[in-house]
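This report describes one protein model and the ligand placed in it. Please read it alongside the sequence and the structure shown here.

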Amino acid sequence: MQTAEIHDRFLRYFERRDHTIVPSASLVSDDPTIMFTIAGMVPFIPYLTGQEPAPYARAADVQKCIRTNDIEEVGRTPRHGTFFQMTGNWSFGDYFKRGAIQYAWEFLTGPEDDGNLGFSPDDLWVTVFETDDEAVALWKEIAGLPEERIQRLGRDTNYWSTGQPGPAGPCSEIFFDRGPAYGIDGGPATDDDRYVEIWNLVFMQDQIADVRSKTEFRIVGDLPARNIDTGMGLERIAFLKQGVENMYEIDQVRPVLDLASELSGRAYGADHEDDVRMRVVADHVRSSLMLLSDGVTPGNEGRGYILRRLMRRAIRAMRLLGVHEPTFPTLFAASRDAMQSAYPELATEWSRLSRFAFAEEETFLKTLEAGSTVLDAALETTKGDGRVQLAGDTAFLLHDTYGFPIDLTLEIAEEQGLTVDRSAFDRLMGEQRSRAKADAKAKRGALADRSVYGEFRAVGETTFLGYEELEADGQVV
Ligand code: ATP
Ligand code: MG
Ligand code: MG
Ligand code: MG
C-alpha cells in the first residue's frame with residue numbers, strides 16, 4: 001500500500017464520517033515563537049484552547065511536520081524522521097473518547113477492501129493513562145482487547161498538556177508489535193523498537209493548574225467543552241504496511257536512499273554505520289526539500305540555520321560514504337520525484353528550490369576543502385614537532401571559524417596516526433555553548449512576549465530546545 005494510498009484512505013474514512021477535510025498548514029507557523037509545525041495540533045491551537053470558535057465540529061487532515069529534536073534518532077530507530085506527515089482527526093466539543101477509540105480501531109483493523117488498513121487486531125497493543133478506567137473499559141468493549149494488551153502508564157508518556165495552566169488530558173496510544181525478532185515480549189512499556197507507536201489519541205478533558213513541570217501539576221476541574229486531538233504517523237503506517245524495516249525504506253523515501261547507495265558504490269544492508277548514513281541522507285534531503293518548498297532558505301539563524309544544518313549533515317553523511325563530489329542535483333531530484341504526487345508544488349517550484357540546495361552544497365564543499373587545507377598543515381606541524389596529539393584549540397578553530405565538523409577532524413587525524421586533544425576541545429565548546437545559551441535565552445524572552453499563544457510556550461520551547469541544542473554544540477554536522 002503506497003503512502004499516497006494510506007493518506008487518501010485516512011481522509012476518505014473521516015470524510016465519510018462527517019469530518020471537514022482541512023489542507024496541511026505550512027511547516028512554518030505564523031507564530032514567531034514556534035520554529036516549525038511539530039505536530040498536527042499546532043494549526044488547531046486556537047480552537048483547542050477555545051480562543052477562537054472552531055469553524056467545524058469535526059475535522060481531519062494530513063499535516064506536514066518537522067521535529068529537529070528527533071534528529072539524533074534518525075536512521076538509528078526505524079521510526080523517527082526530521083520530516084514526517086501526521087494524520088489527525090479532531091473533534092471540537094463533538095464526539096469524545098468512545099468516538100475516538102471507535103474510529104481509530106475501525107480504521108486500523110477494518111477490512112482493506114472497504115477502505116481501511118486491515119491490520120490484524122492481534123498485532124496491536126494500547127497504552128492508557130494510569131487512572132483512565134473509562135478508556136480501559138472502552139478498549140475492552142470496542143476492540144475486545146484483553147487486559148494484558150492494555151498497559152497503564154504515567155504522566156510522562158500518557159498525559160498531554162501545554163506545560164501551562166489550562167486544557168489538558170489523558171492520552172491513549174496504539175502500538176504495532178513487530179514480533180519477537182525485534183525485542184523482548186513486554187508490550188510498549190518495554191520501550192524498544194519491537195513496539196512501534198502508530199497513533200496517539202488525546203482526550204482533552206481536564207483543566208490543570210499549579211504546573212511545575214510536565215508531570216507536576218494539579219487537575220482542578222473539567223473542561224466545559226471536551227476535545228479530541230489525534231495524531232497518526234503516516235510514514236510509520238506505510239513502513240508497516242509495505243513490509244519494510246523502517247520509514248526510510250517506504251516509497252516516498254527509498255529512492256533517495258538507493259541513490260545514496262548507488263553514488264557511493266556501497267550496498268545498503270552491508271554495514272550498519274553506512275546504512276545509518278544512507279538513511280540520514282534520505283531523511284535530511286527530504287526534510288530540506290520540504291522546508292525549501294515552504295519558503296525557508298538556508299541562513300545563519302533561526303529556521304534557515306536548521307535547514308542549513310540538515311543539508312550539511314546530508315553532505316557530511318555522503319562524504320563519510322566516500323563521495324566527495326556534489327550529489328544534491330540527483331538526490332534532491334529523486335526526493336522531488338518521490339514526493340511530488342503528494343506535493344505538486346515541488347515540481348512547479350523546482351527551479352527556485354534546487355538553486356538554493358545546489359548553492360548550499362557548493363559552498364559547504366568549499367568549506368570542507370578550506371578546512372582540510374588548514375587541518376593538513378596543522379597535522380604536519382604536529383608530527384614535525386614529534387607530537388601525537390592535535391591541539392584542542394586547532395580543532396576548535398576548525399569547527400568555529402571554518403565550520404569544520406569535529407568528527408571529521410577526528411577521523412582525518414586518526415588516518416594519520418594522531419589523536420585530538422578532545423578534552424580541551426570540549427572545554428572550549430562548553431564555553432561557547434554557555435555564551436550561545438545566554439544569547440538564546442535573551443532572544444527567547446523577547447520573543448515570548450510577542451507570542452499570540454502565551455500559554456503555548458511549551459510548544460515553542462520544545463522546538464526551540466532542538467534548535468538551541470543544534471546551534472550550541474554544532475552536533476549536527
Ligand atoms: P515516539 O514516542 O515514537 O517518539 P511520539 O510519542 O513522540 O512518538 P507523538 O508526539 O505522540 O509521537 O506524535 C503522534 C504520532 O506521530 C506518533 O504516534 C507517530 O506515529 C508519529 N511520529 C511522531 N514523531 C515522529 C517522527 N519523528 N517521525 C515519524 N513519525 C513520527
Ligand atoms: Mg517522540
Ligand atoms: Mg511516544
Ligand atoms: Mg506519542
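## Terms and model

Two strands are said to pair if DSSP finds at least two bridges between them. The strands themselves are DSSP runs of E with at least two residues, numbered from the N terminus. The model is a predicted one.

## Overall form

The protein contains 16 helices and 11 strands. Its C-alpha trace spans about 75 × 50 × 45 Å along the principal axes. The radius of gyration is 24 Å, which agrees with the value near 23 Å that a compact globule of 477 residues would have.

Buried residues make up 44% of the 477 in the protein. Among contacts with a separation of 6 or more, 71% are between residues 24 or more positions apart.

## Surroundings of ligand 1

The shell around ligand 1 holds 17 residues, and the closest of them are D70, F84, N200, G231 and G233. By class, the shell comprises 6 nonpolar, 5 polar and 6 charged residues.

Four elements each supply at least two residues of this shell: β3 (83-92), β8 (195-209), β9 (218-233) and α6 (234-241). The largest contribution is that of β8, which gives 4 residues.

## Helix α4

Helix α4 covers residues 133-143, and its buried residues are A135, L138, W139 and A143. Viewed down the axis of α4, these buried residues fall within an arc of 100°, so they line one face of the helix. D133 and E141 are exposed on the other side of α4.

Which elements do the buried residues of α4 pack against? They pack against α3 (97-109), β4 (124-129), β5 (150-153) and β7 (166-177). Just after α4 comes G144, which takes a positive phi of about 65°.

The loop between α4 and β5 contains E148. E148 is exposed, because 8 other C-beta atoms lie within 10 Å and a residue counts as exposed with 12 or fewer. In sequence, E148 and G187 are 39 residues apart, while their C-alpha atoms are 8.7 Å apart in space.

## Strand β4 and its partners

Strand β4, one of the elements against which the buried residues of α4 pack, is mostly covered, with 5 of its 6 residues buried. How does β4 run relative to β7, parallel or antiparallel? The two strands run antiparallel and are joined by 5 bridges. Within this pairing, V128 has S172 of β7 as its bridge partner.

β4 also pairs with β5, and here the strands run parallel, with 4 bridges between them. I150 in β5 is the bridge partner of V126.

## R194, a buried charge

R194 lies in the loop between β7 and β8. Is this residue buried or exposed? R194 is buried, because 20 other C-beta atoms lie within 10 Å and 20 or more is the cut-off for a buried residue. By class, Arg counts as charged.

Leaving out residues up to four places away in sequence, R194 touches D177, R178, Y182 and G183. Y56 is 138 residues from R194 along the chain, and their C-alpha atoms are separated by 38 Å.

## Two aspartates with positive phi

D18 is a residue other than glycine with a positive phi, near 65°. D18 sits in the loop between α1 (3-15) and β1 (20-22). With 12 other C-beta atoms within 10 Å, D18 is exposed, because 12 or fewer is the cut-off for an exposed residue.

D210, which is not a glycine either, has a positive phi of about 50°. D210 is found in the loop between β8 and β9, two strands that each supply at least two residues of the shell around ligand 1. D210 is exposed, with 10 other C-beta atoms within 10 Å.

Conventions: Residues are numbered from 1 along each chain as its sequence is written. Chains are lettered from A and ligands numbered from 1 in the order in which they are written. This is a predicted model: local features need pLDDT of at least 70, side-chain atom pairs count only at pLDDT 80 or more; totals for chains, interfaces and linings use all residues. A residue is near a molecule or strand if its C-beta atom, placed from the backbone, lies within 6 Å of it. The radius of gyration is taken over C-alpha atoms; the globule rule is 2.2 Å times the number of residues to the power 0.38. Two residues are in contact if their C-beta atoms, placed from the backbone, lie within 7 Å. The arc is that of the directions from the helix axis to the C-beta atoms.
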